Amino acid sequence: MMTYKERIRSHEGYSTVPYTDSEGLLTVGVGRCIDRVPFSADEIDLMFENDLKRAVAGAETFGAYYFLNETRRGVLIEMVFQLGVKGVSKFVKFLDAAMEQDFKKAAAEMKDSKWHSQTPKRCEELASIFEKGY
């Protein structure tokens with residue numbers, strides 16, 4: 001015999017991506033209608049911490065990460081957070097320059113990108129931090 005918790009999970013299903021339910025409402029997880037029950041601050045914080053862990057792990061896949069100081073590592077982590085590992089992997093010249101410790105060139109490569117045109121203020125700020133190292 002199933003518990004009510006197991007029964008609810010069985011009836012509601014489980015989805016890691018949002019979908020539109022039979023009533024046209026955005027739903028995720030185990031029947032969580034986010035149109036009617038928005039995420040709490042605690043839930044948002046938990047998701048952010050999990051996303052941040054993924055970004056750190058993603059940044060660590062780039063060899064340059066291990067040659068950067070903490071501040072520059074933070075910039076790389078933020079880039080992975082925003083663009084994903086796949087997106088950052090397209091910054092070949094930036095990653096090469098970072099590996100060579102040519103931070104001026106690396107910053108210029110950050111600004112010479114589609115990313116810069118999409119989020120110029122953020123990119124400019126991060127390029128400056130990356131170049132200076134603080």
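Phe-91 is placed in the loop between α3 (70–89) and α4 (92–99); helices (H or I, at least four residues) and strands (E, at least two) are DSSP runs, numbered from the N terminus. The model is a predicted one, in which local features need pLDDT of at least 70 and side-chain atom pairs count only at pLDDT 80 or more, while totals for chains, interfaces and linings use all residues. Residues are numbered from 1 along each chain as its sequence is written, and side-chain values use heavy atoms, with hydrogens and water left out.

Phe-91 counts as buried, at 13% relative accessibility. Here buried means under 20% relative accessible area, exposed means over 50%, and partly exposed lies in between (1.4 Å probe, protein chains only). Apart from its neighbours within four places in sequence, Phe-91 is in contact with Met-79, Leu-83, Met-110, Ser-113 and Trp-115, where contact means heavy atoms within 4.5 Å. One of these residues, Ser-113, is 22 residues from Phe-91 in sequence, and the two C-alpha atoms are 8.3 Å apart in space.

## Cys-123 in helix α7

Helix α7 (residues 120–132) contains Cys-123. This cysteine is buried, with a relative accessible area of 0%. When neighbours within four places in sequence are left aside, the contacts of Cys-123 are Met-110, Lys-111, Trp-115 and His-116. Met-110 and Cys-123 are separated by 13 residues in sequence and by 7.0 Å in space, C-alpha to C-alpha.

Met-110 and Trp-115 are among the residues in contact with Phe-91, and both are also in contact with Cys-123.

## Overall architecture

The protein has seven helices and three strands. From the N terminus on, its elements follow the order α-β-β-β-α-α-α-α-α-α. The radius of gyration is 20 Å, well over the 14 Å that the globule rule gives for 134 residues, so the protein is more spread out than a compact globule. That radius is taken over C-alpha atoms, and the globule rule is 2.2 Å times the number of residues to the power 0.38. Along the principal axes, the C-alpha atoms fill a box of roughly 65 × 30 × 25 Å.

Of the 134 residues, 28% count as buried. Among contacts with a separation of 6 or more, 35% are accounted for by residues 24 or more positions apart. The protein exposes about 9100 Å², of which carbon and sulfur atoms supply 55%; accessible areas come from the Shrake-Rupley method with a 1.4 Å probe, and for residues only the protein chains shown count as cover.

The side chains include 19 positive and 21 negative ones, and the centres of the two sets lie 3 Å apart. Lys and Arg count as positive and Asp and Glu as negative, whereas His and the chain ends are not counted. The place of a charge is taken as NZ of Lys, CZ of Arg, CG of Asp or CD of Glu.

## The three-stranded sheet

The three strands form an open sheet in the order β1-β2-β3, with antiparallel pairing; two strands pair if DSSP finds at least two bridges between them. β1 (15–20) and β3 (32–33) are the edge strands, each pairing on one side only.

β1 and β2 (residues 26–29) run antiparallel and are joined by three bridges. Ser-15 has Gly-29 of β2 as its bridge partner, and Thr-20 stands opposite Leu-26 in β2. The hairpin of β1 and β2 has five residues between the strands, and Gly-24 takes a positive phi near 80° there. Pro-18, which lies in β1, is in contact with Leu-26, Thr-27 and Val-28, neighbours within four places in sequence being left aside.

β2 and β3 pair over two bridges in the antiparallel sense. The bridge partner of Val-28 in β3 is Arg-32. In the hairpin of β2 and β3, with two residues between the strands, Gly-31 takes a positive phi near 70°.

## Backbone at Gln-101

Most residues other than glycine have a negative phi. Gln-101, although not a glycine, has a positive phi of about 65°. Gln-101 is found in the loop between α4 and α5 (103–111) and is partly exposed, with a relative accessible area of 39%.
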